[in-house]
Every structure is written in structure tokens, then in C-alpha cells.
Amino acid sequence: MKKVRIGIIGIGGISAKHIDELLKCENAEIVALCDIDEKALAKGREKTGVSIEKCYTDYKALIADPDVDAVEICTPNHLHAEMARAVLAAEKPVNLEKPIAMSYQQAMTIVEAEKQSTAFGMTCFSYRYKPAVRYAKSLVDKGYIGNIVGINVAYLKSSAFWEGRALEWRFEKEKAGSGVVGDLGVHLIDLAQLLAGKVVSLCSTYKTVVKERPTLDGRGIGKVTTDDSCSFIARFACGAEGSFHITRCAIGHANTIRYDVYGDRGSLSFDLNDPSVLTVCRPTGDPKEATSETVKVPEEFYLMQEQAFVDAVLGKRDVHFPTISDGAESQKIVDAILRSSECEKWQEV
Ligand SMILES: NC(=O)c1ccc[n+]([C@@H]2O[C@H](COP(=O)([O-])OP(=O)(O)OC[C@H]3O[C@@H](n4cnc5c(N)ncnc54)[C@H](O)[C@@H]3O)[C@@H](O)[C@H]2O)c1
């Protein structure tokens, strides 16, 4: 069996998830790692067994390695565009973490690089690979709930209040681009557009709740320059409306993602704390009497994100494969959310 030989750039928090899944893929092999932090590299090496000669501190060396067929990028947001363009220029497929860029304009430079390349890119919209999401999408596509009229979404975390949490890159605008909007919001926006089609206009508000944090060297206090809570309402091209609350200030929630999708013939709900079930409601008589039922997601809706990337490299693309253009589309909405919050007005997307 042909194995895709993978190199990973950025061996921090999310790379652990990539590595765990890749180690489960029979047709993939992790052959190279790159990080500017030697400790992170050593940890990655221990987990993957990659040889010391294939552990790089310069991402360009990993991309140029002839033993690397495809590359995964798990670095902070401000590095994504430059690194992804370099991978595509080397004619290698790239799996790029979200948000793919710092702005829509920058995201389009990756779309352009992909057009010039024989290779392709994937956006790590991991929630597309939750079974409940894939099952919901198939039911929506089959018309199970009729035409979508509304979506209600919450992404709740309490991570803004973790004791002693330092001024990491994600709290700095020049490295992250935005806070919860780009970090968590892009996932929700992508799912909303997957289920209900394009968002055409929106009105939003965001704020920074924890305004200062200890600097990484522990010697001082620095200013937080990204948002940590945001709400917006949106109109979709299909006529549906949506309401979204995205926050890292919800004590009691480690990582709650709740989605309610209302159609004119039924409704669907999922809570990604348990992605193996979907709550469905399709009244046969008067909707006043309707009750919801929670059902187990059938086996056919299970697929790992990393398996989908490896399969795509081998020429078999999953039907809901998140492309680089999908990443750019979500980035367009992120930009509109930031504009709307800043000028306190509705924005066309
Ligand atoms: N898909 C998801 O659900 C999900 C979840 C968490 C994070 N992410 C995304 O993953 C990315 C990384 O987030 P994280 O939480 O793992 O961050 P992190 O800070 O834990 O890890 C980033 C790693 O990149 C390394 N790095 C920085 N500059 C580098 C360079 N020039 N070359 C090589 N390595 C470099 C850092 O040393 C660090 O080890 C972000 O874009 C984030 O939005 C996605």
C-alpha cells in the first residue's frame, strides 16, 4: 500500500491531534517535523519516532525535503499564508490550520498560489468531521427538514478565565488577527455555510473581557489586543437568519458547540460534546404536538479529518472536503464581523 509521507510544521497544541489521527491512518507516515522551539520538537519526536535528521527548525527545509510528500501547517495564524504559499509553490499538498490567514485579502493569496500549483490545499475545518455534523448535512441535503429558516449557534468556552493564563500569541492582534472570531468563529461560520449556504450580511458586537495578562517571560503585564467574546446576527442568501454567540468567557463550559437548525418541515440539533448523536424533529401532524428524538449517528458518517487529507492526496476526495476557498470564504465573514463591530453597523459580506 502506498503511504503518504507527511511533514508537520508547528508542534504545539493542535499538532497533537493531527499526530494522533495520522498515527491511526494506515496509508500515512509522519516523516518530518519542524518547530522553532527545540523542546516542542523533542516532544513531537518522542511521540512520532521521527529521526533527528528529519527534525527541522527552518520550515523551508522541511518543505524542500524530497522525502516529504505533503505538509501540515499548525503554526500561529500570522505564519499560515506565507508557509502555505511556499508548500504549494513546491507542488506539495498542504493541510492548513484555520483561520487560514489574517484577512480575506491575504487568504486570496493562498487561493491564487493554489491556482498556480499542481497541488491543492485543505482547510482544517475539523468540525466538518464530527459525525453529527455530517449526518445533519446529509439530512438537510435530502430535504428532511425542508427549507432552512433559522440557525441558532453557541460556541462556549471558559478559557479567558484560566488562572494565570499568559499573553500567548492568540491574545496579540498582530499574530492572531482576531480573538474568538477567527479562532472559534470560523468553525461556526463554515458549518453554517455548509448547512444553509452563503451569509450575505451581518451585524456584530465584540469585546475584550480580560484586558491584561502576564507576559510570557513572567516579568510583566501586557495588553490583550484581541476580542474574547462576540455575538452576531446574520442573513443568508436562502432567506434564513442566524444568531451566533462565540465566547471564551462562559464559565461551566470547557468546549461547548451547540447548533439548532430550523426548517419549515422540521429541525435538527447537535451538541458537539457528544458528536455521536443528533436530535431530530419532523412532525407528522400539527407542529404544536411535535417532540424531538435523539438518534445515534450511523457508522457511514464517521471519517477522521486526517484520513480525509491523506485520501485526497491519494486522489480520493471526500464530498465535504474543506478547500482553501472554503477557508477564504469564512475569512471574508470574519472580516465583515470585525468591520461591523468596529463601526456598529450592518455589513454586506
Ligand atoms: N482546527 C481546530 O479545531 C484548532 C484547534 C486549536 C488550534 N487551531 C489552530 O492551530 C494553529 C496553532 O494553534 P496551537 O494552539 O497549536 O498553537 P501553539 O502555540 O500551541 O503551537 C504553535 C507551534 O508553532 C510553533 N512555531 C511558531 N513559529 C514557528 C515557525 N516560524 N516555524 C515553525 N514552528 C513555529 C510554536 O513554537 C508552537 O510549538 C492556530 O492557527 C490555531 O488557530 C485549530
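**Reading the sheets, a helix and some backbone exceptions**

Six strands make an open sheet with parallel pairing, in the order β3-β2-β1-β4-β5-β6.

Visitor: Which strands stand at the edges of that sheet?

Guide: Strands β3 (55–56) and β6 (121–123) do; each has a single partner strand, so one side of each is left without a neighbour in the sheet. Strands here are DSSP runs of E with at least two residues, helices are runs of H or I with at least four, and both are numbered from the N terminus. Two strands pair if DSSP finds at least two bridges between them.

Visitor: What should I know about the model before going on?

Guide: This is a predicted model, in which local features need pLDDT of at least 70, side-chain atom pairs count only at pLDDT 80 or more, and totals for chains, interfaces and linings use all residues. Residues are numbered from 1 along each chain as its sequence is written, and side-chain values use heavy atoms, with hydrogens and water left out.

Visitor: How many bridges join β1 to β2?

Guide: Six, and the two strands run parallel. I6 has I30 in β2 as its bridge partner. Strands β4 (residues 70–73) and β5 (residues 94–96) also pair in the parallel sense, over three bridges; there, I73 has L96 of β5 as its bridge partner.

Visitor: Is β1 enclosed or open to the outside?

Guide: Start from the cut-offs: buried means under 20% relative accessible area, exposed over 50%, and partly exposed in between, with a 1.4 Å probe and protein chains only. Five of the six residues of β1 are buried, so this strand is largely enclosed by the rest of the structure.

Visitor: Which residues of helix α9 are buried?

Guide: They are Q305, E306, Q307, A308, F309, V310, D311 and A312. That is eight of the nine residues of α9 (residues 305–313), so the helix is largely enclosed by the rest of the structure. The cover, judged by contact (heavy atoms within 4.5 Å), includes β1 (4–9), α1 (15–24), β2 (28–34), β4, β5 and β6. Just after α9, G315 takes a positive phi of about 95°.

Visitor: What is the strand order in the open sheet of nine strands?

Guide: The order is β16-β15-β14-β13-β7-β12-β11-β8-β17, and the pairing is mixed. At the edges stand β16 (293–296) and β17 (347–348), each with a single partner strand, so one side of each lacks a neighbour in the sheet. Within this sheet, β7 (residues 148–156) and β12 (residues 241–247) pair in the parallel sense over seven bridges. The bridge partner of N152 in β12 is S243.

Visitor: Which peptide bond is cis?

Guide: Most residues other than glycine have a negative phi, and most peptide bonds are trans. Here a cis bond joins K98 and P99, with omega about -15°. P99 is in the loop between β5 and α5 (104–116).

Visitor: Where does E91 lie, and what is its phi?

Guide: E91 lies in the loop between α4 (80–89) and β5. Its phi is positive, about 65°, although E91 is not a glycine. With a relative accessible area of 40%, E91 is partly exposed.

Visitor: Is E344 buried or exposed?

Guide: E344 counts as exposed, at 69% relative accessibility. This residue is in the loop between α10 (324–343) and β17, and its phi is near 55°, again a positive value in a residue other than glycine.
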